[in-house]
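I opened the model to look up a few places in it. The entries below follow the order in which I checked them.

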Amino acid sequence: MNEIDPAHRFSSEAVRHFDGPADGDKPGGMNDVARQVASQYRRDTMSPIMVSGVLRMVEFAVLLVSGLGVYFYYVGFFNYLAWQYPLTIAAASFLAVVLLDVTDCYQVVSLMRPIANFGRILLVWAGTFALMALTAFAMKMSQDYSRLLFGTWFVVAFVCLFGLRLVMSRLIRRWARDGSMERRAVIVGGGKAAEVLIRSVEKQPYNDIRICGIFDDRNDKRSPSLVAGYPKLGTISELIEFARIARINMLIVSLPLTAESRVLQLLKKLWVLPVDIRLSAHSNALQFRPRAYSYIGSVPMLDIFDKPINDWDSVAKRAFDIIFSLIGIVVFSPVMLAAAIAIKLDSKGPVLFKQKRHGFNNEIIEVYKFRSMYTDRSDPTAKQTVTKNDPRVTPVGRFIRKTSIDELPQFFNSLLGSLSLIGPRPHAIAAQSHNLLYNEVVDGYFARHKVKPGVTGWAQINGWRGEMDTNEKIRMRTEYDLYYIENWSLLFDLRILFLTPVRLLNTENAY
């Protein structure tokens, strides 16, 4: 049979335009048991990828510092320093970390079993020295190095490295026990298929998956209320609300791939959530190429959607936000001071205006703006859109809205973490178009909230800013926001950041 690329079969475009029911954006109201379970998982967990990444840096530092310590012990701090020694020690430390990575020594299973991996770690460290010696021999430099110094470093560094692994093993086991480091999963679809999947996952040694429950639309006859010891917590629509409360990492769809219409129907509801979505493939008759699968232990999964801007990408984006928000605050501080004075002189009331808006994963956040309306006519819910020559807007307010100066306090939102500098613009909770909430106008609207909202975004620099007075405008803004989410990179963020001042010169839609 012809092999089908699963990423193509269930692309976000195919899911969004699937002609089937999708009321996932309208929560059905969780039952008390589901709400209690969700409340147990409100706290974020440590990502295994982040833990192993930090350990890489720590082990590089341990190897480097131990090598330099041995070198300075033999040579002394104030004697002549041969440049090739520190350089060689740094290169060997880096090579050792790379080889440990290549040999899977940073996998969670390996980190939890350092004694079982003693031989592999020793072999990698010995291999590093062998490659270092071979390189020195080929470059005719071996006579320039002290065998005593490097022999001492070999022993000292290995003792430090293995000691660190023993400590990490205890820490990881403790984090796994108390739920600090785990991947939380919800099973979508019940019955026999879900039971077989759960048993297969539980058989995996050193498993970091915690199954939080099961959600299924089918009645108790086809989908029992208890499967493999796990409760059925509700329907798929109720899962949307559950995932808004609980910090879930993964949704595992336990349906056969051949039930394509049913799978697409589920994905049309679930793709708006900021989680990894996997399709269980352990019992599928269809076979794909090995690289099409990811695995939980040895249980194969088809990757349908990945959580956007995750793990190290999220660290890089947060660093981007902090750095450029601080720069923005410093650069625009005279403008913000002048705006604050003008607002205070223009009309009575506070300088700043706080508005509740939807943030990441539909959380309610408070966004700061300079007040642009008369205090007694302000509309915190934004139920009534601001229009051209709106009498509620003050004279100073018209100017700061047209020039987007009213948005400058959001640099502080970005610095504190409720907003990102670049992302979909946050809309007010009750924002409407023709008496319809935005999520009632646009199918899959809440997918904009899979990432943090931003001070500026791809839609804004493409002209979709200002009044959303037609359904087409909110649809187009959402389309541009979803394009940004699906194509995010730091270079993309930089492009948007530097284009924003240029594109804001076009004030046609801003009032």
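Entry 1. I count a contact when heavy atoms lie within 4.5 Å. The model is a predicted one, and I keep that in mind for every entry here.

Entry 2. I looked up H358 with that cut-off. H358 touches E363, I364, I365, P426, H427, I429, F446, H449 and P453, leaving aside residues up to four places away in sequence. I find H358 in strand β9, which covers residues 352-358. Is H358 buried or exposed? Its relative accessible area is 11%, and buried means under 20%, so H358 counts as buried.

Entry 3. I went on to the loop between β9 and β10 (364-370), where N362 is placed. N362 has a positive phi of about 70°, although it is not a glycine. The relative accessible area of N362 is 18%, so I note this residue as buried too.

Entry 4. I then checked D104, which also has a positive phi without being a glycine; the value is about 65°. Where does D104 lie? I find it in the loop between α5 (84-102) and α6 (108-112). D104 has a relative accessible area of 41%.

Entry 5. R170 is in helix α8, which runs over residues 147-178. At 66% relative accessibility R170 is over the 50% cut-off, so I record it as exposed.

Entry 6. Last, I noted the totals for the protein. I have 18 helices and 14 strands. The protein has 511 residues, and buried residues make up 49% of them. The accessible surface comes to about 25000 Å², and 61% of this belongs to carbon and sulfur atoms. How many of the contacts between residues at least 6 apart in sequence join residues at least 24 apart? I have 75% for that share.

- H358: strand β9, buried.
- N362: loop between β9 and β10, positive phi of about 70°, buried.

Note on methods: Residues are numbered from 1 along each chain as its sequence is written. This is a predicted model: local features need pLDDT of at least 70, side-chain atom pairs count only at pLDDT 80 or more; totals for chains, interfaces and linings use all residues. Side-chain values use heavy atoms; hydrogens and water are left out. Helices (H or I, at least four residues) and strands (E, at least two) are DSSP runs, numbered from the N terminus. Buried means under 20% relative accessible area, exposed over 50%, partly exposed in between (1.4 Å probe, protein chains only). Accessible areas come from the Shrake-Rupley method with a 1.4 Å probe; for residues, only the protein chains shown count as cover.
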